[in-house]
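Please keep the structure open as you read.

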Amino acid sequence: MNDLKISQKEIQFFEENGYLVIENLIEAETIEEYKKIYNDFIAGKIDVGENRRDLKGENKEAQKESITQIMVPSRYFNPLKDSEYYRKISFISRRLLGDDLEIDFDMFINKPPFSDAITPWHQDCAYWIDMPDKRAVSAWMPLDEATLDNGCMWYVPASHLKPMRKHTSTAKNGALVCEGNEDEAVYIELQPGSVVLHHGGTAHYSRGNTTNSQRRAMIVNLRPKSMINYERERGFDHTGENKVRNENASLTSHKKDIKKIK
Ligand SMILES: O=C(O)CCC(=O)C(=O)O
């Protein structure tokens with residue numbers, strides 16, 4: 001970790017734009033290890049019970065393959081917690097938003113070949129209970145090259161500095177959706193092992209995967225320790241062990257659960 005440095009320029013870029021790319025954070029050998037673990041989750045070899053959600057896309061074409069979301073994989077495969085990606089992301093997030101940041105929860109989102117389902121425009125903060133401290137960061141790392149065609153991330157620069165956009169709930173899968181379009185956004189194509197981080201208030205989205213290969217992403221969310229406790233005290237921990245259950249499992253239904261107990 002000694003060689004990992006986040007410059008003042010990078011911190012300033014994140015503050016101003018609400019996202020930041022870190023190239024080549026994790027080396028290829030480690031990515032191969034992550035792929036094996038990831039594939040075991042996707043194949044169901046590591047059972048996560050209700051913390052697996054398979055989401056079909058809205059349109060007819062996208063009904064062929066489901067996007068798979070695995071919530072809190074590190075609970076089911078503990079070594080992830082102390083693994084390189086999680087440690088490095090914790091370090092970077094503390095540099096960006098403060099030393100009190102801790103991992104809140106992690107998830108895997110796999111867009112399989114031809115699973116042409118978008119992740120709709122949204123801001124993560126739209127799903128939260130009313131947090132007194134809104135510092136939060138989400139790290140997104142692909143295990144496959146992330147491209148426009150397989151669903152790389154798009155961000156609206158500086159949207160985290162503006163009032164939160166109005167979100168509506170899609171009847172079908174419960175996801176919250178806000179206005180957003182590609183013309184106001186930037187897309188971030190990434191090599192496996194490179195990472196993009198975004199602020200909890202940054203509007204983002206991804207296209208569906210129209211290619212014949214997978215788009216596997218590992219996502220780690222961090223916020224201040226005191227705010228993680230604040231959530232937990234109110235009965236929410238982003239996992240299948242919540243008191244509040246969501247029958248319409250979806251890509252973002254863990255976030256909908258937060259809304260329900262507000
Ligand atoms: O992986 C994706 O395509 C979307 C991820 C996302 O929206 C999120 O982590 O909030």
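A polar contact here is a pair of N or O atoms within 3.5 Å; within protein, one must be able to donate a hydrogen and the other to accept it, and residues adjacent in sequence count only if both atoms are side-chain atoms. Before using it, note that this is a predicted model, in which local features need pLDDT of at least 70, side-chain atom pairs count only at pLDDT 80 or more, and totals for chains, interfaces and linings use all residues. Residues are numbered from 1 along each chain as its sequence is written, and side-chain values use heavy atoms, with hydrogens and water left out.

Now to the ligand. An N or O atom in the side chain of His-204 sits 3.0 Å from a ligand oxygen atom. For Arg-215, the distance from a side-chain N or O atom to an oxygen of the ligand is 2.8 Å, and a polar side-chain atom of His-122 is 3.4 Å from a ligand oxygen. On its own the ligand would expose 300 Å², of which the protein buries 98% (accessible areas come from the Shrake-Rupley method with a 1.4 Å probe; for residues, only the protein chains shown count as cover).

Who else is there? The ligand is surrounded by 13 residues, each with a heavy atom within 4 Å of it. Trp-140 and Ser-206 are among the closest. By class, this shell holds 5 nonpolar, 4 polar and 4 charged residues; Ala, Val, Leu, Ile, Met, Phe, Trp, Tyr, Cys and Pro count as nonpolar, Asp, Glu, Lys and Arg as charged, and the others, Gly among them, as polar.

Next, the strands, which are DSSP runs (E, at least two residues) numbered from the N terminus. Strand 4 (101-111), strand 5 (119-122), strand 12 (204-206) and strand 13 (215-224) each bring at least two residues to the shell, and strand 4 gives the most, with 3.

Two strands pair if DSSP finds at least two bridges between them. Strands 5 and 12 are antiparallel, with 2 bridges, and here His-122 has His-204 as its bridge partner. Both strands belong to an open antiparallel sheet of 4 strands, ordered 5-12-7-10.

Strand 4 pairs antiparallel with strand 13 over 10 bridges, where Ile-103 faces Leu-222. Strand 3 (66-71) also runs antiparallel to strand 4, joined by 4 bridges, and Ile-70 is partnered with Phe-108.
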